[in-house]
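Dear colleague,

Please find below the structure that I am handing over to you.

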Amino acid sequence: MRMVVIGGKGQVGSEVVLAARSSGLDVVSLDHDSIEVTSQASVERALSDIGPGDVVVNTAAFHQTDRCEDEPDRALSINAVGAYRVALEAQRRGAAVMYVSSDFVFDGGKREPYVESDAPHPINVYGMTKLAGEFLVSSANARAYIIRLSAVFGPAGSSGKGGNFVESMVAEARAGDAPKVVDDIVMAPTSARDAAALMIGLTRAQAPYGIYHLANAGQCSWFEFADTIFTLCGARTRPERVPAATMAGKAPRPPYSVLASERLGALGLMAHPWQDALRGYLSAKGYLKNRA
Ligand SMILES: NC(=O)c1ccc[n+]([C@@H]2O[C@H](COP(=O)([O-])OP(=O)(O)OC[C@H]3O[C@@H](n4cnc5c(N)ncnc54)[C@H](OP(=O)(O)O)[C@@H]3O)[C@@H](O)[C@H]2O)c1
């Protein structure tokens with residue numbers, strides 16, 4: 001089985017490439033120079049070598065949530081129509097597709113972890129285009145995995161978002177700053193490395209197609225996440241807790257978007273607690289000072 005990773009230099013994609021290689025899969029990493037998902041000709045050219053049994057992992061996205069409000073055409077074109085184009089090309093060639101989606105397909109009204117069977121209801125343009133992408137991908141390709149992640153942190157940092165939250169907080173901690181961080185938005189942080197391992201686990205287990213929630217286990221507010229980062233880095237300062245209303249961006253955010261899986265256990269797979277994943281990330285980067 002060959003795995004073709006679109007966005008292979010991105011935060012999630014780079015970890016999928018590493019995890020696939022270390023599990024012995026034949027991997028092709030496609031960066032943005034090698035494929036443009038908004039171009040039919042580019043998608044056909046880049047995927048011309050795939051065949052039955054292969055899996056195309058599509059991590060490409062326009063995911064700057066506030067900018068998506070101003071540029072819905074671009075968001076739809078990459079997150080939904082582009083995803084459809086990739087899924088259809090994979091289908092034509094007998095390959096499966098893995099589309100990476102988001103916790104922002106939910107509205108946050110549930111206030112307990114969202115599982116795969118929960119009905120989505122996005123409240124911003126980014127979430128709407130990701131949900132449209134999910135629908136189009138599943139309609140175009142009978143062998144489709146929809147992988148939902150949230151609040152991702154990986155060593156490469158998100159190229160589309162210019163880094164990741166953990167790196168921003170480490171920089172603030174090292175500078176002795178006390179950043180304002182919202183305490184009334186609750187989510188499940190996702191280690192790109194852990195998510196990639198689970199994505200490979202799904203393909204290895206020949207898991208049934210469909211939706212999977214692959215966030216790390218547990219939940220926290222952004223403030224709690226920041227505070228834990230400061231603690232583990234041995235910072236002398238602390239972040240300051242503020243309500244989301246004082247930091248409002250253009251796009252509304254779901255106040256609660258914790259993802260949990262009702263499907264992984266049956267496959268012998270399990271998401272690790274986010275605290276363990278964070279500790280592993282900080283340790284690998286040489287940031288870890290406290291073992292608290
Ligand atoms: N980051 C998060 O917190 C988060 C949370 C939930 C879900 N997700 C989802 O996870 C996925 C991966 O996120 P990430 O953090 O790994 O993002 P990322 O680092 O920005 O990676 C996305 C990759 O896709 C490439 N790309 C962007 N537009 C493309 C296009 N039109 N055609 C082909 N390639 C394109 C980018 O290349 P260039 O940078 O060179 O343009 C980049 O390498 C996305 O689908 C996102 O919606 C992310």
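Three elements each supply at least two residues of the shell around the ligand: helix H1 (11-22), helix H4 (72-92) and strand E4 (96-102). Please note that this is a predicted model. H1 provides the largest share of that shell, with 3 residues. In total, 28 residues surround the ligand, and the closest are Gly 7, Gly 10, Ala 61, Ser 159 and Gly 160. By class, the shell around the ligand comprises 11 nonpolar, 14 polar and 3 charged residues.

The sheet

E4 also belongs to an open sheet of 6 strands, whose order is E2-E1-E3-E4-E5-E10 and whose pairing is parallel. Strand E2 (26-30) and strand E10 (210-213) are the edge strands, each pairing on one side only. On average, neighbouring strands of this sheet are turned by 20° against each other, direction ignored. Strand E3 (residues 55-58) pairs with E4 in the parallel sense, over 4 bridges. Within this pairing, Val 55 has Ala 96 of E4 as its bridge partner. Helix H5 (residues 125-140) lies across E4 and strand E5 (144-149), and runs at about 165° to E4.

Helix packing

Two packed helices are described by the angle between their axes and by the distance between the axes. Three pairs are set out here in those terms.

H4, which contributes to the shell around the ligand, packs against H5 at an angle of about 15°, with the axes 8 Å apart. Because angles under 35 degrees count as roughly parallel, H4 is roughly parallel to H5. The crossing of these two helices is right-handed. On the H4 side, the contact is made by Pro 72, Ala 75, Leu 76, Asn 79, Ala 80, Ala 83, Tyr 84, Ala 87, Leu 88 and Gln 91. On the H5 side, the contact residues are Val 125, Tyr 126, Thr 129, Lys 130, Ala 132, Gly 133, Leu 136, Val 137 and Ala 140. The contact of H4 with H5 has 14 nonpolar, 4 polar and 1 charged residues.

H1, the helix with the largest share of the shell around the ligand, crosses helix H7 (residues 192-204) at roughly 50°, and the axes come within 8 Å. H1 and H7 are therefore oblique to each other. Their crossing is right-handed. H1 makes this contact through Gln 11, Val 12, Glu 15, Val 16, Ala 19 and Ala 20. From H7 come Ala 192, Arg 193, Ala 195, Ala 196, Ala 197, Met 199 and Ile 200. Sorted by class, the contact of H1 with H7 has 10 nonpolar, 1 polar and 2 charged residues.

The axes of helix H6 (residues 165-174) and helix H8 (residues 222-232) cross at roughly 50° and come within 9 Å. That angle makes H6 oblique to H8. H6 passes H8 in a right-handed crossing. The contact is made by Val 166, Met 169, Val 170 and Ala 173 of H6, together with Ala 226, Ile 229 and Phe 230 of H8. Its residues divide into 7 nonpolar, no polar and no charged.

With kind regards

Notes:
Residues are numbered from 1 along each chain as its sequence is written. This is a predicted model: local features need pLDDT of at least 70, side-chain atom pairs count only at pLDDT 80 or more; totals for chains, interfaces and linings use all residues. A residue is near a molecule or strand if its C-beta atom, placed from the backbone, lies within 6 Å of it. Ala, Val, Leu, Ile, Met, Phe, Trp, Tyr, Cys and Pro count as nonpolar, Asp, Glu, Lys and Arg as charged, and the others, Gly among them, as polar. Axes are lines fitted to C-alpha atoms, for helices over the stretch in contact, and angles run from 0 to 180 degrees between N-to-C directions. Angles under 35 degrees count as roughly parallel, over 145 as roughly antiparallel, 65 to 115 as roughly perpendicular and the rest as oblique. A crossing is left-handed if the near helix is turned anticlockwise from the far one by less than a right angle, and right-handed if clockwise. Two residues are in contact if their C-beta atoms, placed from the backbone, lie within 7 Å. Two strands pair if DSSP finds at least two bridges between them.
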